[in-house]
Amino acid sequence: EQQRRAGAENADLLPMVFLCAGCKRPVGDTLSWVANDEEAGCILLRSESCAPRPAPPRLARRPLVTQLSVMIETLFCSGCSMTLGNIYRCTPKHLDYKRDLFCFNVDSIE
């Protein structure tokens, strides 16, 4: 009984991994969690993955796009090319909390 409870407590401490909804590749985890933005339908992470890997990055980035004083990079899965979200590089004051964070659309990840 004690072993079962200890195992359940340890499971609560393990990070949750976010997967691309298209091809199920890992794209991030809760160890880099910053916040969620329910209004925009996204979660904000400090990085796309915390695990070291010798392979090329799992996420690819498109060039910066400028829209009304906002500079963003679009994140897409390098496995299936599904659009996963954005990185805001330059923001107006009301979007400063998103600057340089990985903003994953909740509909694009599992």
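Residues are numbered from 1 along each chain as its sequence is written, and side-chain values use heavy atoms, with hydrogens and water left out.

Confidence next. I looked up pLDDT, the predictor's confidence in each residue, from 0 to 100. The chain's mean is 77, and 71% of its residues reach 70 or more. Strand β4 comes out highest at 93, and β5 (residues 59-61) lowest, at a mean of 53. Over residues 50-58 pLDDT stays under 50, and the model has 11 contacts there beyond four places in sequence; contact means heavy atoms within 4.5 Å. Where pLDDT is low, the predicted coordinates should not be read in detail.

Then the inside. Of the 110 residues in the chain, 32% are buried, meaning under 20% relative accessible area with a 1.4 Å probe, protein chains only. I found that the largest nonpolar core has 12 residues, including Phe 18, Val 27, Ile 43, Leu 84, Phe 104 and Ile 109. Strands β4 (42-45), β7 (70-77), β8 (83-90) and β9 each give two or more residues to this core. By nonpolar core I mean a set of buried Ala, Val, Leu, Ile, Met, Phe, Trp, Tyr and Cys residues joined through side-chain atoms within 4.5 Å. A second, separate core has 8 residues, among them Cys 42, Tyr 88, Leu 101 and Cys 103.

Leaving aside neighbours within four places in sequence, Ile 43 is in contact with residues including Phe 18, Trp 33, Phe 102, Phe 104 and Ile 109.

Last stop, Ser 108. Where does Ser 108 lie? I placed Ser 108 in the segment after β9 (102-105). Is Ser 108 buried or exposed? I have Ser 108 down as buried, because its relative accessible area is 7%. A polar atom of the Ser 108 side chain lies 3.0 Å from the backbone oxygen of Thr 83. Not counting residues up to four places away in sequence, Ser 108 touches Leu 19, Cys 20, Ala 21, Met 82, Thr 83 and Leu 84.

Conventions: Predicted model: local features only at pLDDT ≥ 70, side-chain atom pairs only at ≥ 80, totals over all residues. Buried < 20%, exposed > 50% of the residue type's maximum accessible area, 1.4 Å probe, protein only. Helix = DSSP H or I, 4+ residues; strand = E, 2+ residues; numbered from the N terminus. Polar contact = N/O pair within 3.5 Å; in protein donor to acceptor, adjacent residues only side chain to side chain.
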